[in-house]
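Hello,

Here is the structure I promised to pass on. My notes on what turned up follow below it.

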Amino acid sequence: MAEIRNCPSCDGIFNYTGLRDVCPLCAREEEEIYDKVHKFLRRRENRSATVERIVQETGVSTRLLFTWVRKGHLHPAKFPNLCYPCDNCGNLITSGKICDKCTNHLKKDLDIVEAAEDTIVRNETYMAHGKMRNEIKSNS
Ligand SMILES: [Zn+2]
Ligand SMILES: [Zn+2]
């Protein structure tokens with residue numbers, strides 16, 4: 001079902017159909033600039049161009065370029081200097097959703113949660129045993 005949305009790129013209103021996040025006008029502009037970026041990167045001497053250089057040479061916005069890299073339209077494996085910001089802290093990365101530092105942080109947090117859950121389970125088992133012992137005692 002169509003829904004009226006604000007285009008995040010130009011702030012204009014458009015009919016959102018689920019296909020694109022921006023209005024048709026901006027979508028066409030994005031396609032044109034994507035073509036330009038793609039042509040630029042296809043040249044052998046530009047394979048290792050940095051994000052800044054691509055932005056300078058093609059006029060693409062950094063935000064758009066990051067979106068393409070993140071979505072895999074432009075792959076860092078092919079263009080070694082392409083990167084995009086970590087979802088968590090904004091550090092530039094070339095794969096995954098978050099940087100190594102944040103991955104480690106998350107892992108640590110997860111370990112703490114798991115350890116806490118372990119303790120709770122152990123306490124519950126202990127309490128259950130205690131209760132059983134008490135019941136046996138009061139029965140005899
Ligand atoms: Zn727009
Ligand atoms: Zn990060």
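Start with one pairing: Arg5 has Phe14 of β2 as its bridge partner. Next to that, Asn6 is bridged to Ile13 of β2. Both belong to the pairing of β1 (residues 3-6) with β2 (residues 13-16), an antiparallel pair held by four bridges. Strands count as paired if DSSP finds at least two bridges between them. The hairpin of β1 and β2 has six residues between its strands, and Asp11 there takes a positive phi near 75 degrees.

Before the rest, some ground rules. This is a predicted model: local features need pLDDT of at least 70, side-chain atom pairs count only at pLDDT 80 or more, and totals for chains, interfaces and linings use all residues. Residues are numbered from 1 along each chain as its sequence is written, while chains are lettered from A and ligands numbered from 1 in the order in which they are written.

**Helix packing**

Helix α1 (residues 24-42) packs on helix α2 (residues 51-58) at about 120 degrees, and their axes are 10 Å apart. Axes are lines fitted to C-alpha atoms, for helices over the stretch in contact, and angles run from 0 to 180 degrees between N-to-C directions. That makes α1 oblique to α2 (under 35 degrees is roughly parallel, over 145 roughly antiparallel, 65 to 115 roughly perpendicular, the rest oblique). From α1, Ile33, Lys36, Val37 and Phe40 make the contact; from α2, Ile54, Glu57 and Thr58 do. Contact means C-beta atoms, placed from the backbone, within 7 Å.

**The whole chain**

The chain has four helices and four strands. These are DSSP runs, numbered from the N terminus: helices are H or I of at least four residues, strands E of at least two. Their order is β-β-α-α-α-β-β-α. The radius of gyration is 26 Å, well over the 14 Å from the globule rule for 140 residues, so the chain is more spread out than a compact globule. That radius is taken over C-alpha atoms, and the rule is 2.2 Å times the number of residues to the power 0.38. Along the principal axes, the C-alpha atoms fill a box of roughly 85 × 40 × 20 Å.

Best wishes

Notes: Contact = placed C-beta atoms within 7 Å.
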